[in-house]
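Have the structure open as you read.

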Amino acid sequence: MTIMHAVLSVAFLVGQLSEAWPDLETGGSDLPMSAFASGPQNVGPPRRSFLSSTLGSNMVLQRAPNQAVVWGFAKAGTIVSTRLDEKPPMTAKAGADGIWRQLLPATAASDTPHSISLTSSAGETARMDNVLFGDVFLCGGQSNMQFSMPAIANATEEAARADAYPLIRLFTVGQGTQSKIPLDDLQTIEQQWSVANHTSVAGNGGFGYFSAVCWVFGREVFDALGGKVPIGLINNNWGGTPVESWSTPESLKACNVMLPESVLFNAMIYPYTVGPMALVGFTWYQGEANVDERAGDEGAQRYTCTFPGMIDAWRNAFKNPSAYFGFIQLSTWCGDGELIAEMRTIGQMSALSLPKVGYATNADHGAGCDIHPSPKQYCAQRLAKSALALQYGRHVPWKSPSFQSQVSMESPPSVIVTLSDVSQGGLRDNQYPFNYLDGRFNCTTTNKCAWASLQFANGTWVNATIKVSSEANKLIVAAPASHLNAGAPVASRYGWGAVPMMNVYDKQTALPVLPWSEKVESTQTVFVV
């Protein structure tokens with residue numbers, strides 16, 4: 001483990017420890033400590049700027065056919081004049097709430113920089129220069145989304161590549177404010193809107209300026225669009241935080257969550273909804289902090305409500321019900337394997353019940369017991385493919401093969417598993433699992449590895465072999481020779497645990513077969529190949 005990874009892991013574990021024992025500061029509430037305003041706080045009344053702090057020079061505004069909004073704050077009744085380039089000025093009036101909003105003309109994507117000047121009847125002024133129109137994404141979550149470019153695998157080379165992408169623009173929200181009430185404007189900012197380069201992408205350390213997943217995702221989308229559509233990326237996350245902190249009180253109440261504080265939604269998401277900021281979608285890497293089943297928090301089961309609920313809440317708050325939403329399926333760490341596996345499959349994948357939601361698994365590219373794997377390229381590139389398919393209508397295969405059904409065989413004891421989302425290229429079963437870390441991860445000492453396995457009528461689970469069937473979309477999971485007389489299996493598993501050992505991949509898409517744990521619904525007496 002590198003020094004950087006050790007620092008990141010300690011930082012995460014501190015957050016996890018504070019969440020694991022909420023009684024320390026919250027009087028036994030069912031929400032973790034990070035869901036309360038016990039972290040860094042601004043002193044004094046919240047700041048509201050003439051021009052919203054979410055906006056600024058060097059940013060990307062959403063392109064046509066959408067109409068981008070600029071907004072800010074002034075005394076009620078104040079007239080604000082907005083001028084885009086040399087076009088005639090537009091005027092807006094601050095309402096009783098002190099908020100003014102200006103809808104801009106729909107503007108096509110291009111590399112042409114624009115200027116926006118603003119003046120008010122009270123004498124306030126602001127200016128935005130070097131503004132591009134393109135597509136905007138907000139990247140949220142906890143530490144694995146916060147995990148920044150200086151800590152990514154091949155960091156030096158990856159950062160240097162950013163100099164070739166001046167049409168990608170970056171903004172990082174600061175982690176200095178939580179609030180029990182919605183705040184109209186950002187109170188802490190780590191990095192203002194900046195042109196992508198090796199410094200803006202990889203400054204300020206491993207939890208610094210810019211999310212590795214967010215950057216690689218945005219770069220992949222930009223390249224796939226031919227390098228002609230500017231991309232704006234908003235890095236908006238906080239390590240060690242549960243989904244409850246990022247959702248709205250209304251959404252949480254619908255999931256029977258008591259005392260919904262929504263402190264990060266209020267401080268870090270809500271300011272973007274005041275306009276609201278026009279954008280095309282969101283990316284999300286979170287769930288580790290919700291794995292534990294504390295009193296009042298049923299782990300993956302509750303996540304099946306709170307996670308889709310948060311997605312709906314964000315889409316509604318941004319007045320964008322069809323916004324793309326993509327999430328990363330959790331990677332590895334040496335926690336409770338059953339609970340981690342449940343969160344990956346039962347908890348996170350529940351979001352697929354909503355339209356226009358994509359995913360990318362990171363279960364096959366972990367770092368053993370280190371919860372922060374450095375090769376973020378795999379999951380970010382996979383997630384970009386889901387955006388290209390769902391948001392841009394590209395014919396890009398992005399779904400991993402996954403369990404569909406199975407038939408159990410008595411002789412020899414085995415199951416034949418049928419998978420969905422297998423490409424025409426079929427499957428291969430000869431991948432040396434990446435999670436072995438080239439032999440550095442010891443499955444014996446950690447007891448955290450998860451291969452294929454079968455369960456028999458007496459409740460015993462045994463490791464099993466797994467191979468591709470003669471039919472392109474089917475796998476054969478077979479019991480070892482020591483269990484030839486055990487009868488027909490009653491359940492099967494694959495990669496179901498803390499550290500999945502995944503050796504079956506789609507030949508064409510290079511995507512892994514997703515982990516599963518399923519009971520047998522049908523049994524046959526004789527196994528016919």
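What follows covers the disulfides one by one and then the patch.

Keep in mind that this is a predicted model. The disulfide count comes to 4. Number the bonded cysteines in sequence order and the pairing reads 1-2, 3-4, 5-6, 7-8. Here are three of those links side by side:

| Disulfide | Sulfur-sulfur distance | Torsion about the S-S bond |
|---|---|---|
| Cys255 and Cys305 | 2.0 Å | about -85° |
| Cys334 and Cys369 | 1.9 Å | about -70° |
| Cys443 and Cys449 | 1.9 Å | -85° |

Let's start with Cys255 and Cys305. Their S-S torsion is about -85°, so this disulfide is left-handed. Cys255 sits in the loop between helix H7 (249-254) and helix H8 (263-273), while Cys305 belongs to helix H9, so the bond ties together parts that are 50 residues apart in sequence. Are the two ends buried or partly exposed? Cys255 counts as buried because its relative accessibility is 11%, and under 20% is what buried means here. Cys305, at 31% relative accessibility, is partly exposed.

Next up are Cys334 and Cys369, with sulfur atoms 1.9 Å apart. The torsion about their S-S bond is about -70°, so this link is left-handed too. Both ends are in loops: Cys334 lies between strand S12 (324-329) and helix H10 (337-347), and Cys369 lies between strand S13 (357-361) and helix H11 (377-390), so the pair joins parts 35 residues apart in sequence. Cys334 is partly exposed, with a relative accessible area of 26%. Cys369 is partly exposed as well, at 41% relative accessibility.

That leaves Cys443 and Cys449 from the table, whose sulfur atoms are 1.9 Å apart. With -85° about the S-S bond, their link is left-handed. Both of these cysteines are buried.

One more cysteine deserves a glance: Cys379 has a relative accessibility of 0%, so Cys379 counts as buried.

Now for the charged patch. Which residues gather in a patch of negative charge on the surface? They are Asp292, Glu293, Glu298 and Asp336. Glu293 is found in the loop between strand S11 (281-285) and helix H9 (300-317). At 47% relative accessibility, Glu293 counts as partly exposed, because the label exposed calls for over 50%.

Technical notes:
Residues are numbered from 1 along each chain as its sequence is written. This is a predicted model: local features need pLDDT of at least 70, side-chain atom pairs count only at pLDDT 80 or more; totals for chains, interfaces and linings use all residues. Side-chain values use heavy atoms; hydrogens and water are left out. Patches are made of residues with over 30% relative accessible area and no salt bridge: like charges are joined within 9 Å, nonpolar side chains (Val, Leu, Ile, Met, Phe, Trp, Tyr) within 5 Å. Accessible areas come from the Shrake-Rupley method with a 1.4 Å probe; for residues, only the protein chains shown count as cover. A salt bridge is a side-chain nitrogen of Lys or Arg within 4 Å of a carboxyl oxygen of Asp or Glu. Lys and Arg count as positive and Asp and Glu as negative; His and the chain ends are not counted. The place of a charge is taken as NZ of Lys, CZ of Arg, CG of Asp or CD of Glu. Helices (H or I, at least four residues) and strands (E, at least two) are DSSP runs, numbered from the N terminus. Buried means under 20% relative accessible area, exposed over 50%, partly exposed in between (1.4 Å probe, protein chains only). A disulfide is a pair of cysteine sulfur atoms within 2.5 Å.
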